Amino acid sequence: MSARPGTPASPATPHAAPDGPHDDRAAEVWEPPEQKRVLIVLALSQTLSGAGLAAGITVGALLAEEMLGSTGLAGLPAALFTGGAALGAVGIGRVCQRWGRRPGLTAGYATAGLGSLGVVAAAGLGSVWLLFLSLLVYGAGTATTLMARYAGADLAAPARRGRAVSLVLFATTLGAVIGPNLVGVTGEAAHGLGVPRLAGPFLLAVAAYAAAAVVLGVFLRPDPLRLARRLAEVREAAAVSEDAAPALGTAEDTSTDPAAAPAPRTDTRKLATGAAVMTFTQLVMIAIMTMTPVHMRAHGHATETAGLVIALHVAAMYLPSPLTGMLVDRIGRLRVAAASGVVLLAAGVLAALAPAHSVPALATALVLLGLGWNFGLVSGTAIVTDAVPLATRASTQGLVDVGIAVAGATGGMASGLVVATGGYSTLALGGGIVALGLVPLLVLSGRGGRTGTGTGSHAVAGPSAPGERT
């Protein structure tokens with residue numbers, strides 16, 4: 001199954017979506033049989049990587065506060081590893097564009113494993129600069145975990161894209177929920193190795209990210225993006241041949257040349273809308289989530305208690321994904337995206353009003369925060385995938401995720417400064433108000449009218465799913 005770099009590998013038996021004027025509905029839901037295997041492999045790798053992702057979320061701010069001795073800089077780790085995610089998204093997107101999803105995602109997780117090891121070493125040596133550098137490298141794991149969702153959609157039928165994305169995100173739940181609850185166990189393991197207990201979750205991240213890289217490198221075959229491109233070529237060649245059949249007797253007929261067909265174009269309105277949805281939700285989620293453990297510990301809660309709240313938050317980020325995917329496909333991308341803004345507002349208001357001693361109230365606010373983020377990510381991913389043709393899909397998705405990561409870095413960095421000057425309640429309420437700005441944005445986007453998807457293959461891409469409303 002080898003191929004030149006940049007050239008899709010040919011499947012042993014190319015599959016094509018149903019053809020003909022009466023098969024539009026069948027083509028809308030048709031998927032190649034390889035899609036099932038791709039989703040299974042992605043689910044396994046995401047389960048492993050979730051544990052690595054949880055390390056930075058759970059103890060990153062606490063470790064920085066301990067090493068730097070400053071609450072105002074406690075948001076710096078989130079800014080660093082989300083900044084690293086931005087750099088990682090660029091690199092991973094380019095590798096995926098040229099060589100496929102498998103090498104790009106594998107390299108991303110391997111890099112994150114090295115970064116996690118660097119964080120452990122920095123904590124043991126007490127080196128702040130090594131910590132900063134390692135957190136940047138560790139951020140590649142965040143980028144890879146998010147970009148894996150696109151791989152789930154490469155071979156998905158248009159009417160099932162939301163569900164395909166959601167299944168990949170859902171698989172992250174197990175590792176991401178277990179990870180924060182192992183703070184105590186991994187802390188003891190770290191202490192036994194002579195490093196601070198707060199570095200323990202990063203020890204788990206080393207093993208988790210390395211295992212995810214092995215799973216993808218060995219088992220993600222066929223590569224979903226390369227196969228999707230091959231299927232698109234087969235479909236387009238068949239369509240050109242069918243259109244040219246009545247003119248077979250002409251002396252010069254250039255319509256049989258696939259290159260003569262107009263190239264599919266990106267729907268810039270949809271692309272901008274999807275990117276904005278994910279950027280807003282990431283900014284708000286990272287800002288509030290980052291400072292919640294710091295806020296709790298400042299009011300006497302144990303690190304394990306903060307870990308439990310973060311575990312519930314992470315569960316809400318990924319666990320509802322199948323339901324979200326179904327809603328995205330059935331009631332429409334824009335409606336679910338608008339709901340994310342409303343839910344994030346509710347999360348911010350509740351977090352701002354919750355008594356500092358009330359773990360249930362803070363946990364509820366963080367659950368709503370995770371749910372709002374989930375609504376925004378799944379709907380935004382479906383919008384972006386609808387908008388971009390296969391020829392440029394991976395690189396464009398990588399650039400979108402750069403914007404998401406930059407938003408996360410901004411939220412993480414600003415969160416510590418806001419809490420230090422105005423308090424946690426100010427941060428939470430301000431974040432909720434920012435999230436509500438999504439609603440008028442989406443209303444304006446919906447008034448722009450229904451647009452095409454810009455996808456380049458009817459076999460694996462096509463019009464918006466039935467039920468999409470703008």
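Let's start with L429, which sits in helix α16; helices here are DSSP runs of H or I, at least four residues, numbered from the N terminus. L429 is partly exposed because its relative accessible area is 38%, and that class lies between buried, under 20%, and exposed, over 50%, with a 1.4 Å probe and protein chains only. Before I go on: this is a predicted model, where local features need pLDDT of at least 70 and side-chain atom pairs count only at pLDDT 80 or more, while totals for chains, interfaces and linings use all residues. Residues are numbered from 1 along each chain as its sequence is written, and side-chain values use heavy atoms, leaving out hydrogens and water.

Now, the aromatic rings. A search of the whole structure gives 5 aromatic pairs; rings of Phe, Tyr and Trp (its six-membered ring) pair if their centres lie within 6.5 Å, with planes under 30 degrees apart called stacked, over 60 edge-to-face, and the rest tilted. Y109 and Y209 are stacked, because their centres are 5.8 Å apart and their planes at 20 degrees. Y109 belongs to helix α4 (residues 101-125) and Y209 to helix α8 (residues 200-219), so this pair ties together parts 100 residues apart in sequence.

What about Y138 and Y209? They pair edge-to-face, 6.1 Å centre to centre with 65 degrees between the planes. Y138 is in helix α5 and Y209 in helix α8, 71 residues apart, and both tyrosines are buried. Put together, ring pairs link Y109, Y138, F202 and Y209 into a cluster.

Last stop, helix α5 (residues 128-153), where we find S134. S134 counts as buried because its relative accessibility is 5%.

Definitions and conventions
Helix = DSSP H or I, 4+ residues; strand = E, 2+ residues; numbered from the N terminus.
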